[in-house]
Structures are given as structure tokens and as C-alpha cells.
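Trainee: I would like to learn how to read a fold from its contacts. Could we work through an example together?

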Amino acid sequence: MITGILIAAALVGGTGLVIGLLLGVAGKKFAVEVNEKEIAVREQLPGNNCGGCGYPGCDGLAAAIAAGKAPVNGCPVGGNEVAKAIAAIMGEEIKEGRRMTAFVKCAGDCESSRNNYVYDGVEDCSVMAFIPGGGEKKCHHGCLGYGTCVKACNFDAIRFINGIAHVDKEKCKACGQCVAVCPHHLIELVPYEQTVKVSCSSQDKGKATMNACDKGCIGCKKCIRDLGCPAIVMNDEKICIDASMCTGCRLCSQVCPVCAIAGGDDKNE
């Protein structure tokens with residue numbers, strides 16, 4: 001009886017030993033090579049997995065940086081501090097980048113803009129392409145007001161105030177997700193310190209713009225005539241501000257007859 005037990009124990013133990021040896025050999029033979037730099041880079045990334053870098057999450061960006069396929073400052077959320085830490089890991093030098101923030105190029109709130117009809121349906125901007133006239137607003141270029149950008153933002157940096165999207169520049173990480181989902185392409189990334197921006201994206205002529213919204217750029221060129229500022233330029237009959245030449249004097253926002261130029265430190269910056 002005892003002999004049988006000993007034999008069974010020996011067989012089980014021997015089998016376990018053989019399996020353990022085989023697993024050890026297989027583990028070494030088929031082991032996946034670990035890139036220590038990739039692991040170190042991944043530890044520096046914030047882990048939001050927002051996709052703003054253009055890669056499938058932080059793991060994808062870490063692998064690309066370690067392989068030399070992405071820049072060390074490829075994470076827009078981490079900013080300069082994360083870029084410097086990753087540069088040190090990769091043995092590179094990096095200059096401090098310019099902080100960016102999202103800006104919504106529309107000021108057509110509930111009081112300023114006019115509607116063709118009252119819409120009652122799915123509240124998502126992407127659905128408006130299937131709605132007659134592209135939505136209820138007369139302006140077919142402005143903020144639709146149904147929050148697709150709010151849903152896309154992982155940092156609670158966008159909210160709706162009086163019918164249009166506003167970006168809190170202090171919370172914004174410039175990941176670009178809101179830029180990607182806006183069907184009217186109203187949102188763009190601008191320098192954080194830029195205070196003067198045109199808050200209208202209408203492509204209509206002056207009269208049509210005035211009929212649709214009180215704050216739409218009508219292309220009157222008053223800001224150009226009165227100020228002669230080289231930072232103010234015309235693009236497709238609409239005013240644009242060249243950020244590289246703008247001094248931030250905000251005079252253009254003061255002379256604009258329709259208040260289409262944002263020149264203050266409001267939340268939509």
C-alpha cells in the first residue's frame with residue numbers, strides 16, 4: 001500500500017518536473033524581446049489613450065517613439081514636461097514647444113443666430129448631415145449645438161453656453177479630438193497665448209450672413225481700413241488674423257461692427 005503511494009507520488013512529481021523543464025525551455029525559446037526604452041517611455045505618458053497623437057493609445061505611441069518612428073514630443077496631452085522626460089530617456093535634446101488650445105470659430109449663440117425651424121430629434125452634430133437644410137440654423141457653417149465635441153473631449157474642457165460650444169483653455173490639452181469630430185470644421189488649435197481670433201466660419205456673402213446671424217463676419221473690411229494692421233488679412237472674402245504678426249492690441253475686436261472678432265479672455269479661447 002505504502003509502496004503504491006510512493007510510486008504514484010514519484011510519477012506525479014516526475015511529470016511535474018518534466019513539464020516545468022519544458023515550459024522553461026519554451027519560455028526562453030519563444031520569449032518576446034522587451035524594449036526597455038519603450039517601457040520607460042510608456043511610464044511617462046499620461047495614459048489618457050485619447051488618440052490625439054495619431055496612434056492607438058499611449059502604448060502605440062510609446063512603441064513608435066522607442067522605434068524612432070514618432071517624435072519625443074508626440075503626446076499633446078503631456079506637454080513640455082512629458083516631452084522633456086521622454087527626450088532624456090531617448091537621449092535627445094528638445095526645445096520647449098508652444099502650448100496650444102482649441103478654439104471654436106463661431107459666436108452665433110441663441111440670441112445672435114436665427115433658425116429656419118425647430119428641430120426635435122437625435123442630439124448629435126453628426127446626424128445633422130441627414131436633416132433638411134443641414135440643421136435648424138439659418139447659418140449652415142456655424143456651431144450646430146448638439147454636443148458631439150463635448151462627448152469627444154476626455155478632459156471636460158468643452159461645454160455649451162447659450163447654444164454654442166465654448167472651450168476652457170485651462171483644461172484643454174490640445175489633443176485634437178474635438179477638431180476631428182466637428183462636422184463643420186469649426187474647431188482649430190491655436191496658440192494658448194493668442195487672444196485675438198475671428199469667431200466666425202461663415203462662407204456666405206455679407207447679406208446672407210447678416211440674415212442668419214448678428215455676429216457673423218460680413219467681410220466689410222472696416223478693421224482693415226481703420227487700422228491698416230498687417231496681421232489682418234482677407235481670405236475668401238472673410239477676415240483672418242495672422243497669429244504670427246498679431247500684437248494682441250485687440251483694436252480690431254473693438255472696431256468690428258458685428259463683434260465677429262474675439263478679443264477678450266473669455267472661455268471660448
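Trainee: Which helices do the buried residues of H3 pack against?

Mentor: First, the ground rules. This is a predicted model, where local features need pLDDT of at least 70, side-chain atom pairs count only at pLDDT 80 or more, and totals for chains, interfaces and linings use all residues. Residues are numbered from 1 along each chain as its sequence is written, and side-chain values use heavy atoms, leaving out hydrogens and water. Contact means heavy atoms within 4.5 Å. Helices (H or I, at least four residues) and strands (E, at least two) are DSSP runs, numbered from the N terminus. Here the buried residues of H3 pack against helix H2 (36-44) and helix H4 (79-90).

Trainee: How many residues of H3 are buried?

Mentor: Buried means under 20% relative accessible area, exposed over 50%, and partly exposed in between (1.4 Å probe, protein chains only). Helix H3 (residues 57-66) is mostly covered, with 8 of its 10 residues buried. Among them are Gly57, Leu61 and Ile65. Just after H3, glycine 68 has a positive phi of about 80°.

Trainee: What are the totals for secondary structure and burial?

Mentor: The protein has 9 helices and 8 strands. Of its 269 residues, 38% count as buried. Of the contacts with a separation of 6 or more, 60% come from residues 24 or more positions apart.

Trainee: Which residues touch the most other members of the largest nonpolar core?

Mentor: In soluble globular proteins, nonpolar side chains tend to be buried together. A nonpolar core is a set of buried Ala, Val, Leu, Ile, Met, Phe, Trp, Tyr and Cys residues joined through side-chain atoms within 4.5 Å. The largest one holds 34 residues, and Val41, Leu45, Ile65, Ile86, Ile158 and Ile187 touch the most other members. H3, H4, S1 and strand S3 (164-167) each give two or more residues to this core. H3 supplies the largest share, 5 residues. Another core lies apart from it, with 13 residues that include Val196, Cys200, Cys223 and Ile232.

Trainee: What does valine 41 touch?

Mentor: Leaving out residues up to four places away in sequence, valine 41 touches Ala62, Ile65, Ile86, Ile89 and Met90.

Trainee: Is serine 112 buried or exposed?

Mentor: Serine 112 is in the loop between S1 and H5. Serine 112 counts as buried because its relative accessibility is 5%. A polar contact is a pair of N or O atoms within 3.5 Å; within protein, one must be able to donate a hydrogen and the other to accept it, and residues adjacent in sequence count only if both atoms are side-chain atoms. The side chains of serine 112 and aspartate 109 make one at 2.9 Å.
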